[in-house]
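Hi,

Here is the structure I promised to pass on to you. My notes on it follow below, so please have a look at both together.

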Amino acid sequence: MMGEEKQDVLLRDYYVGVDLGGTKMLAALIAEDGSIIAKEEIPTLAKQGAEAVLDRLGSLIESVLAAAPGGRGVVRGIGVATAGTLDTAKGVVTLASNLGWRDVAVASVLSDRFACAVRLENDATAAAVGEWLAGEGEGSPDCIFVTISTGIGGGIISGGRLIAGVNHNAGELGHISIDGNGMLCPCGNVGCLELYASGTAIGRRGAEHVRRAAESAGSGGALTRLAGGDPNRVDARLVAAAAAEGDAEASGILREAGRALGVGLVSILHLLNPQVVILGGGASHIGEPLLGPMREVIAERCLPSIREQVRFVSSALGSSAGAVGAALLMVRDQK
């Protein structure tokens, strides 16, 4: 019996999923059902340039492949999730500001090294697929993944299928305008959701408060104290920590960001009518000080027939969602 079980393991197909970010890269060995066999994460060191980063990524993949039962021969493909503007058909990152890349042929470099198929996908889209097929969205034909981090991104599953768009850029939820007369976004639009509700936006508002406190020689409360009076040290985590200590200004910043998130999500809910909204990304871990105001706005403004059908949940896969989704997209490609 044990011999049969071992043979069954050896006969299974495995895939590698990669989440390639500006600060870290994660690679995981994934079974066909989405279960993680092994994973490893290292710094990206993007300033070293594309060639050095891809070489380090290759070494990282080699490391997780060492855990493959039966060796490298059982690995059917590699899925890579990354941010930026992508040519998914050619496997090229055409522009990624977080990496400093332009026209980098990721798929061909990795397929040459590992002699297998390689698929490139938007990171938020891949994370949505990971949660849909192996996480909190499993069994839900209509679900949305929203990542609240440096920016705000998303992935859409509707009617049991991934909505990728003509060039796999669907789900740019952070660039829905919530203020037609608002701030100019680097994308060219104005009043974009991520200008008001992302981790970057929360950090920026916190830094402005610390700067004002320094200029007025005021105490500035817990936020200024935690930052040591230096606005450059302020990020969303520091704002959340100050709010947890009862800092009224920090709590107000999170409340405003949460309400802005709610405004954006009302439009998304009205457009897509999902069963499940999965919240991921570092800023989502702030919890109630951010998400409570978000729910308030949804309760106030969303059509009851849509609001009553949706549940909000936290990501089950966490930082592994993109890698799992990228691998499972390879599985689906080969079925």
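Three strands form an open sheet in the order S5-S6-S7, and their pairing is antiparallel. Its edges are strand S5 (85-87) and S7, each of which pairs on one side only. On average, neighbouring strands in this sheet are turned by 15 degrees against each other, ignoring direction. Please keep in mind that this is a predicted model.

Within that sheet, S5 pairs with strand S6 (residues 92-96) in the antiparallel sense, over three bridges. If you want a pair to look at, Thr-85 has Leu-95 in S6 as its bridge partner.

Is Asp-103 buried or exposed? Its relative accessibility is 55%, and because the cut-off for exposed is over 50%, Asp-103 counts as exposed.

Asn-273 sits in the loop between helix H9 (248-272) and strand S12 (276-280). With 40% relative accessibility, Asn-273 counts as partly exposed.

Five of the five residues of S12 are buried, so the strand is largely enclosed by the rest of the structure. Both of its faces are covered: Val-276, Ile-278 and Gly-280 are buried on one side, and Val-277 and Leu-279 on the other.

Which strands pair with S12? One is strand S9 (residues 143-148), in the parallel sense over five bridges. Another is strand S13 (residues 311-314), also parallel, over four bridges. Val-277 takes part in both pairings: it is the bridge partner of Ile-144, and its own partner in S13 is Phe-312.

Finally, there is Ser-198, in the loop between helix H5 (194-197) and helix H6 (199-215). Ser-198 is buried, with a relative accessible area of 1%. A polar atom of its side chain lies 2.6 Å from the backbone oxygen of Glu-194. Leaving aside residues up to four places away in sequence, Ser-198 touches Ile-148, Ser-149, Thr-150, Gly-151 and Ile-152.

Happy to talk any of this through.

Best wishes

Notes. Residues are numbered from 1 along each chain as its sequence is written. This is a predicted model: local features need pLDDT of at least 70, side-chain atom pairs count only at pLDDT 80 or more; totals for chains, interfaces and linings use all residues. Side-chain values use heavy atoms; hydrogens and water are left out. Buried means under 20% relative accessible area, exposed over 50%, partly exposed in between (1.4 Å probe, protein chains only). Helices (H or I, at least four residues) and strands (E, at least two) are DSSP runs, numbered from the N terminus. A polar contact is a pair of N or O atoms within 3.5 Å; within protein, one must be able to donate a hydrogen and the other to accept it, and residues adjacent in sequence count only if both atoms are side-chain atoms. Contact means heavy atoms within 4.5 Å. Two strands pair if DSSP finds at least two bridges between them. Axes are lines fitted to C-alpha atoms, for helices over the stretch in contact, and angles run from 0 to 180 degrees between N-to-C directions.
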